[in-house]
Amino acid sequence: MDDVDTITTSFLTQIAEAGDTAALEDLRVAALGRKGAVTGLMKTLGQAAPEDRKALGQRFNQAKDKVALALDSRRTELDQSEMLARLGGETIDVTLPARPRPDGRIHPVSQVVEEITAIFADMGFAVAEGPDIEDDFHNFTALNIPPEHPARQMHDTFYLDQEANDEKLVMRTHTSPVQIRHMQSNEPPHRIIAPGRTYRSDSDQTHTPMFHQIEGLAIDRDIHMGHLKGCLVDFARTIFGIEDLPFRFRPSHFPFTEPSAEMDIGCSRVNGELRIGGGDDWLEILGCGMVHPKVLKHAGVDPDVWQGFAFGLGIDRIAMLKYGIADLRSFFDGDVRWLRHYGFDPLDIPTLAAGLAR
Ligand code: DAH
């Protein structure tokens with residue numbers, strides 16, 4: 001027996017006798033580690049006579065493979081028996097209470113988007129989306145808000161440093177540009193809603209620099225103001241769950257609609273608390289109107305054939321009203337305790353089939 005055999009046999013015996021995985025790991029290092037005995041054999045190769053090197057190298061490699069294989073199979077055996085020992089020693093106390101599982105909550109804004117989407121889906125509206133970073137054309141010009149129009153100042157726009165296709169880039173100030181994008185890339189008739197984030201440089205109890213809107217657009221050959229009213233009244237009654245909800249349409253002005261209106265719902269304010277549905281006060285919930293022919297033209301739609309209505313409503317405001325949350329800024333503080341209190345059970349999201357049917 002020469003060195004190679006002695007070393008190999010000795011390791012194989014020790015491996016077979018290793019009592020636990022820690023002892024086995026020590027053996028692995030002693031044999032195959034950087035300073036291990038088997039590794040050391042390889043290093044002697046340089047001193048062997050050149051004509052012996054090939055045969056010796058092969059023997060060393062075989063020795064190494066044998067040891068590695070033995071380590072592997074002993075490890076499998078030890079893992080197995082260590083697991084069995086552990087399982088044998090453990091008992092499960094089925095009378096212990098279940099461990100609390102931290103489940104997430106649905107944010108009131110997400111919840112109200114789901115509900116609004118479900119209501120409009122029932123009425124045949126699909127969901128469309130557009131980018132948060134808009135160009136000047138889609139956010140303003142196409143919506144009949146040309147340069148120097150006072151509405152541009154009213155929007156407190158965040159401008160970006162970059163431009164795209166010679167257009168200024170802005171954080172979209174409303175979801176209305178999605179109307180344009182949708183009409184540009186789809187054939188009429190159109191029935192869409194577009195929920196999303198919007199941005200204005202504004203901050204107080206009822207304004208945050210980022211907020212949420214839902215845009216609506218219905219374009220067909222003969223859609224008129226009666227459809228607009230019917231659709232929005234149905235929506236408001238369903239979202240607030242009040243069948244005889246008092247409402248009114250008040251004339252207003254938007255550059256992208258003609259005529260334009262705002263929808264108010266009846267409410268009362270008692271000791272600073274807002275109550276929907278009764279009383280002698282009014283609260284504005286959305287802007288709306290018949291889409292301006294110039295807007296249709298900008299979006300490539302022939303206003304002599306197609307007409308319809310659009311509306312835009314503030315999601316956060318609806319959520320504040322519906323769930324009685326007084327400060328809009330708390331929506332976006334990211335306070336988990338707040339979310340636990342005002343958030344919704346993820347399994348409770350209403351679907352078309354459940355919850356919202358009237
Ligand atoms: N874009 C308007 C705003 O942010 C809301 C709006 C009003 C949207 C009337 C519409 C509309 O589509 O017809 O103030």
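Tutor: Let's begin with a term: a salt bridge is a side-chain nitrogen of Lys or Arg within 4 Å of a carboxyl oxygen of Asp or Glu. The model is predicted, so local features need pLDDT of at least 70 and side-chain atom pairs count only at pLDDT 80 or more, while totals for chains, interfaces and linings use all residues. Residues are numbered from 1 along each chain as its sequence is written, and side-chain values use heavy atoms, without hydrogens and water.

Student: How many salt bridges does a search of the whole structure find?

Tutor: Side chains of opposite charge can pair when their charged atoms come close. Searching the whole structure for such pairs gives a total of 14.

Student: Which residue meets aspartate 132 in a salt bridge, and where does that partner lie?

Tutor: The N to O distance in this pair is 3.5 Å, and the partner is arginine 172. The two are 40 residues apart, so to speak in distant parts of the chain, with aspartate 132 in the loop between β1 (126-127) and β2. Arginine 172 sits in the loop between β4 (167-171) and α8.

Student: Is arginine 172 buried or exposed?

Tutor: Buried is under 20% relative accessible area, exposed is over 50%, and partly exposed is in between (1.4 Å probe, protein chains only). Arginine 172 has a relative accessibility of 2%, so the word for it is buried.

Student: Which helix holds aspartate 136, the partner of arginine 152?

Tutor: The closest N and O atoms of this salt bridge are 2.9 Å apart. Arginine 152 belongs to helix α7 (residues 150-154), so the pair ties together parts that are 16 residues apart in sequence. Both arginine 152 and aspartate 136 are buried. The helix that holds aspartate 136 is α6.

Student: Which residues does tryptophan 282 contact, leaving aside neighbours within four places in sequence?

Tutor: Tryptophan 282 is part of strand β10 (residues 281-291), and a relative accessible area of 31% makes this residue partly exposed. Contact means heavy atoms within 4.5 Å. The partners are Pro246, Phe247, Arg248, Asp264, Ile265, Gly266, Cys267 and Arg269.

Student: How many Å separate the C-alpha atoms of tryptophan 282 and valine 38?

Tutor: Along the chain, these two residues are 244 residues apart. Their C-alpha atoms are separated by 88 Å.

Student: What covers the buried residues of helix α8?

Tutor: Helices (H or I, at least four residues) and strands (E, at least two) are DSSP runs, numbered from the N terminus. In α8 (residues 177-185), Pro177, Val178, Gln179, Ile180, His182 and Met183 are buried. Their cover includes β2 (133-135), α6 (136-139), β5 (190-199), β6 (210-220), α10 (293-298) and β11 (307-314).

Student: What is the relative accessible area of leucine 84?

Tutor: Leucine 84 is found in helix α4, which spans residues 53-89 and also holds glutamate 82. Glutamate 82 is partly exposed at 30%. Leucine 84 counts as exposed because its relative accessible area is 52%.
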